[in-house]
Amino acid sequence: ATPAAIMAGTGVAAQQGILIKDVQALEVAHRVDTVAFDKTGTLTVGLPQLLSITAVSAESQPQDAAASASDGWLALAASLQTGSEHPLAQAVVQAAQDRHQTLTVPQDVRAVSGYGCEGQVAGRQWLLGSMRWMAQLPLSHATLADAPWAQRAQALQDQGATVSVLVERVIDNLGGAEVTLVPRAVLAFGDEPKPGVQAALAALRARGLRLVMISGDNAGAARAMARRLGLHDDEVHAEVLPGDKSAWVQRLQQGENGQRRVVAFVGDGINDAPALAAADVGLAMANPHGGGTDAAMQAAGITLMRGDVALVGAALEVSRRTVAKIRQNLFWAFAYNAAGIPLAALGYLSPVVAGAAMALSSVSVMANALLLKRWRPAPNAQVPQ
């Protein structure tokens, strides 16, 4: 009764681009009441574009006089991130290539998880990262709240942009090797929602599911995107470090007033792997534009082979139908035996009839399970022809 339904359910799911690696995930998914999403690459296209780069200071700019200050800092930022697979890094490199900038091979590059990166370009030390990182650094010129460049960055964030800051680490050898961190440029990025994602989220909400977005982006950008997706501000958790996503999933599982919630997490990158493993059901979404998808797939029990958020609802639906078939099969199997065994024991059934009834029970259970093959997801989640 059970294996037949599971085989039929996993088979029809695979036909629709839903690969179920862990059968336990299939059995639990129908009980999910909270779905948490990563933002970049999961709810958005995952191809952010560099919207603007604003020079904070043209001092020591490594560019000829005919070039603008912003172009000089763009070339430096792109050189620093030439080897990175992060979507923001790729956006900077692409913007530099579009402007025909000459890039320099960086040295001693180190990624700072959840914040940015640092390294050496053209003999100078550079840091490039989020405003959250900048708030932890002793920057020069003014306090972070009063600096004009910081106010510019905050205004961009309030408009929904993701902001990074290029900072130079200046070493004064004459002053006893004193180090000063000088902001040089503010970079603003923008991303777009995936087509159909708002309708898919609305369909999940209509099923009575609680929706949550967990993002490492700044609060302004995360909430601006959430509003475009139809999510509420209280459903957004922003500025979450990659290592803290799993802790947020566990917090969602605890629920309010100690009421345990069944949480599904949907992500597409290597930094989502701990959260995918911590969730009751992890759904890894294939993203051809982002790195780390393989790591996410290894950590998740279910893999969505297309970046279509509607497949999340389809995965939960196929789980519900599979579990329903298992229960139906078990009911009919018990019903056949509960009726047939006493009748056979009392002599009301001949061995021939009893044998035929036993075969019929197996056939009916298999036939009921195979009815799952007729299942199709909602039109917006079907495999394109």
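Reader: Where is the place of Ala-122?

Author: This is a predicted model, so keep that in mind as we go. Strand E5 covers 116–121 and strand E6 covers 124–130. The place of Ala-122 is in the loop between E5 and E6.

Reader: Is Ala-122 buried or exposed?

Author: The cut-off to have in mind is that exposed means over 50% relative accessible area. Ala-122 has 56% relative accessibility, so this residue counts as exposed.

Reader: What is the phi of Ala-122?

Author: Ala-122 is not a glycine, yet its phi is positive. The value is about 55 degrees.

Reader: And which strand is Asp-108 found in?

Author: Asp-108 is another residue other than glycine with a positive phi, near 55 degrees. Asp-108 is exposed, with a relative accessible area of 65%. Its strand, made of residues 107–112, is E4.

Reader: Let's step back. How many helices and strands does the chain have?

Author: The chain is made of 385 residues, and buried ones make up 48% of them. Take the contacts between residues at least 6 apart in sequence: 64% of these join residues at least 24 apart. As for the count you asked about, it's 13 helices and 13 strands.

Reader: Is Thr-303 buried or exposed?

Author: Thr-303 lies in strand E13, residues 302–304. Beyond its neighbours within four places in sequence, Thr-303 is in contact with Gly-17, Ile-18, Leu-19, Ala-284 and Met-297. The cut-off for buried is under 20% relative accessible area. Thr-303 is at 8%, so Thr-303 counts as buried.

Reader: How do H1 and H12 pack, and what angle do they make?

Author: Two packed helices are described by the angle between their axes and the distance between the axes. H1 runs over residues 2–15, and its axis is 9 Å apart from that of H12. The angle is about 160 degrees. That makes H1 roughly antiparallel to H12.

Reader: How do the residues of the contact of H1 with H12 divide?

Author: On the H1 side you'll find Thr-2, Ala-5, Ile-6, Gly-9, Val-12 and Ala-13, which meet Val-318, Thr-322, Lys-325, Ile-326, Asn-329 and Leu-330 in H12. By class they divide into seven nonpolar, four polar and one charged.

Reader: What about H12 and H13: are they roughly parallel or antiparallel?

Author: Helix H13 holds residues 351–370, and its axis comes within 10 Å of that of H12. The two cross at roughly 170 degrees. The cut-off for roughly antiparallel is over 145 degrees. H12 and H13 are therefore roughly antiparallel.

Reader: Which classes of residue make up the contact of H12 with H13?

Author: From H12 come Lys-325, Gln-328, Asn-329 and Tyr-336, and they meet Leu-360, Ser-361, Ser-364, Val-365, Asn-368 and Ala-369 in H13. That contact has four nonpolar, five polar and one charged residues.

Reader: Which residues is Ser-246 in contact with, leaving aside neighbours within four places in sequence?

Author: Ser-246 is found in helix H9, residues 245–254. At 15% relative accessibility, Ser-246 counts as buried. Its contacts beyond those neighbours are Pro-274, Ala-275 and Ala-278.

Reader: What is the relative accessible area of Arg-261?

Author: Arg-261 lies in the loop between H9 and strand E11 (263–267). Its contacts beyond neighbours within four places in sequence include Asp-33, Arg-210, Glu-256 and Asp-280. Arg-261 is partly exposed, with a relative accessible area of 22%.

Definitions and conventions: Residues are numbered from 1 along each chain as its sequence is written. This is a predicted model: local features need pLDDT of at least 70, side-chain atom pairs count only at pLDDT 80 or more; totals for chains, interfaces and linings use all residues. Side-chain values use heavy atoms; hydrogens and water are left out. Axes are lines fitted to C-alpha atoms, for helices over the stretch in contact, and angles run from 0 to 180 degrees between N-to-C directions. Helices (H or I, at least four residues) and strands (E, at least two) are DSSP runs, numbered from the N terminus. Angles under 35 degrees count as roughly parallel, over 145 as roughly antiparallel, 65 to 115 as roughly perpendicular and the rest as oblique. Contact means heavy atoms within 4.5 Å. Ala, Val, Leu, Ile, Met, Phe, Trp, Tyr, Cys and Pro count as nonpolar, Asp, Glu, Lys and Arg as charged, and the others, Gly among them, as polar. Buried means under 20% relative accessible area, exposed over 50%, partly exposed in between (1.4 Å probe, protein chains only).
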